[in-house]
Amino acid sequence: MDNYPLLNLFWTMLEFFLWILWFFLLFKIITDIFRSQDMGGWGKAGWTIFVILLPFLGVFVYLIARGSSMGERDLEQAKRADAAFKAYIKDAAGPSGGGAAGSHVDELAKLADLKNSGAITEAEFQKAKEKLLV
């Protein structure tokens with residue numbers, strides 16, 4: 001390490017960073033090619049071959065030709081993922097509490113209301129509660 005100057009170390013780190021950045025960009029573009037709904041199978045195959053066989057030229061041409069729509073596709077995917085997540089949360093934590101546990105809670109509340117109103121006796125309440133919880 002004595003004959004490797006500090007400037008060469010920084011230069012090597014920069015090259016390594018740019019190499020990682022290049023692969024990130026390449027994978028991002030390949031992912032965008034296959035995610036695109038407005039491009040047919042032959043178009044996807046053509047862009048993929050172009051990006052793999054001539055990586056520098058293919059990536060730069062893809063960014064120029066379809067770069068603006070990449071952001072739109074990312075935004076659409078993020079909105080779909082957010083909507084799916086919100087639908088899952090709404091389903092899981094809905095008014096009934098979601099799932100089997102929520103239905104048990106609702107049933108127990110209904111049984112308690114029936115017992116309090118005098119529609120069922122304490123023994124009937126205990127029997128129904130035991131049946132529900134088992």
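Buried, in this talk, means under 20% relative accessible area, exposed means over 50%, and partly exposed lies in between, with a 1.4 Å probe and protein chains only. Good morning, colleagues. The model is predicted, so local features need pLDDT of at least 70 and side-chain atom pairs count only at pLDDT 80 or more, while totals for chains, interfaces and linings use all residues. Residues are numbered from 1 along each chain as its sequence is written, and side-chain values use heavy atoms, with hydrogens and water left out.

I begin with helix α1. Helices are DSSP runs of H or I with at least four residues, numbered from the N terminus. Helix α1 covers residues 6-35, 30 residues in total. From first C-alpha to last, α1 reaches 43 Å, close to the 44 Å expected; the expected span is 1.5 Å times one less than the number of residues. Its buried residues are W22, L26, I29, D32, I33 and R35. These pack against α2 (41-53) and α3 (55-92), where contact means heavy atoms within 4.5 Å.

Next, the core. A nonpolar core is a set of buried Ala, Val, Leu, Ile, Met, Phe, Trp, Tyr and Cys residues joined through side-chain atoms within 4.5 Å. The largest one has ten residues: W22, L26, I29, I33, M39, W47, V51, V59, Y62 and M70. Each of α1, α2 and α3 supplies at least two residues of this core, and α1 gives the most, with four. In soluble globular proteins, nonpolar side chains tend to be buried together. What does V51 touch, leaving aside neighbours within four places in sequence? V51 is in contact with L26, I29, I30, I33, G58 and V59.

I turn to charged side chains. A salt bridge is a side-chain nitrogen of Lys or Arg within 4 Å of a carboxyl oxygen of Asp or Glu. By this rule, the count is seven. One of these joins D32 to R73, with the closest N and O atoms 2.6 Å apart. That pair links distant parts of the chain, D32 in helix α1 and R73 in helix α3, 41 residues apart. Both D32 and R73 are buried.

D38 and R66 form another salt bridge, at 3.3 Å between the closest N and O atoms. This pair also links distant parts of the chain: D38 is in the loop between α1 and α2, R66 is in helix α3, and 28 residues separate them. D38 is exposed, with a relative accessible area of 58%, whereas R66 counts as buried at 13%.

D82 is partly exposed at 36% relative accessible area, and K86 is exposed at 51%. Salt bridges that share partners also join K28, D32, R35, R73 and D74 into one network.

Which side chain of opposite charge is nearest to K44? Lys and Arg count as positive and Asp and Glu as negative, with His and the chain ends not counted. K44, in helix α2, is buried yet has no salt bridge; the nearest such side chain is D38, 7.5 Å away. Not counting residues up to four places away in sequence, K44 touches I33, F34, S36 and M39.
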